[in-house]
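Biologist: Please show me the model, and let me ask how its descriptions are reached.

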Amino acid sequence: MKTLVKRTLRRFLAIPSAKLIKLWPSLRLISVIRKISGIQLSAEQLHVIVRALKDKARCRLLVFGLGNDSVLWSVLNRGGVTVFLEDNEPWFREVTRRSSCLTAFLVNYATQRGDWKMFLDSPALLEMALPPEMQNQGWDIILVDGPRGDGDQFPGRMRSIYLASKLVSNAGEVFVHDCEREVEGVYCQAFLGSQNLRAEIKDRFGHLRHYHMTGRCH
Ligand SMILES: C[S@@+](CC[C@H](N)C(=O)[O-])C[C@H]1O[C@@H](n2cnc3c(N)ncnc32)[C@H](O)[C@@H]1O
């Protein structure tokens, strides 16, 4: 019962609270709305991404992983293009039913985190067909917070980090969550490069790295 009330509240508050953050992107407001919405990224981490989105108003934003933050990204980037990729079908159905305004595609990463060393040695295997609707253009901001990578039986973020490095536009921003974990740390180092690292926002629930990517061409 409590969960149902929470979910209903979240559903109806998602758009108004995202609009509030758009108007007034203070850390305190973000912190309150994050708690109500059940977002996993910390308030400081959300704040950094919100600022980047403000700086690149109406941009091309690509997000790996649907979550309770998805409506926020979609509303903040209204007028631009925002696309979400998700591999967990029940979760995909739940989030897209709850928020029909989202442009989201169901994908299959076909990887297991346990194989991360093998993929690191053969990065060509990380190429993946993307939905044709995504067009052959670069993305100004990419957020990698999916797929699940908290166990060897889950897909792991080898493909999403590799694809982010390929799909980001020149001078674009890439944010990767959970970089305190071995696979995310090693793949960021290999494909995004320490020379592009701008900041790391550490939180007890996960470290967010921010990369500013130069020298790309699309
Ligand atoms: C790590 S969560 C983070 C979402 C969001 N960025 C946030 O901060 O709240 C993203 C991934 O976890 C999985 N996930 C999150 N919540 C889930 C749920 N309630 N049920 C199933 N999978 C879930 C999904 O596959 C999704 O791609």
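Predicted model: local features only at pLDDT ≥ 70, side-chain atom pairs only at ≥ 80, totals over all residues.

Modeller: Residues are numbered from 1 along each chain as its sequence is written.

Biologist: Why are α7 and α8 called roughly parallel?

Modeller: Helix α7 (residues 158–167) and helix α8 (residues 182–191) pack at about 20°, with axes 10 Å apart. Angles under 35 degrees count as roughly parallel, so α7 and α8 are described that way.

Biologist: What makes residues of α7 and α8 count as meeting?

Modeller: Two residues are in contact if their C-beta atoms, placed from the backbone, lie within 7 Å. Met158, Ile161, Tyr162 and Ser165 in α7 meet Val183, Glu184, Tyr187, Cys188 and Phe191 in α8. These divide into seven nonpolar, one polar and one charged.

Biologist: Why do β3 and β6 count as edges?

Modeller: The open sheet has seven strands, ordered β3-β2-β1-β4-β5-β7-β6, with mixed pairing. Strands pair if DSSP finds at least two bridges between them. β3 (104–106) and β6 (197–201) each have a single partner strand, so one side of each lacks a neighbour in the sheet.

Biologist: How do you know that β1 and β2 pair?

Modeller: Five bridges join β1 (residues 60–64) to β2 (residues 81–86), and pairing requires at least two. The two strands run parallel.

Notes: Axes fitted to C-alpha atoms, helices over the stretch in contact; angles between N-to-C directions. Helix = DSSP H or I, 4+ residues; strand = E, 2+ residues; numbered from the N terminus. Parallel < 35°, antiparallel > 145°, perpendicular 65-115°, else oblique. Nonpolar A, V, L, I, M, F, W, Y, C, P; charged D, E, K, R; others polar.
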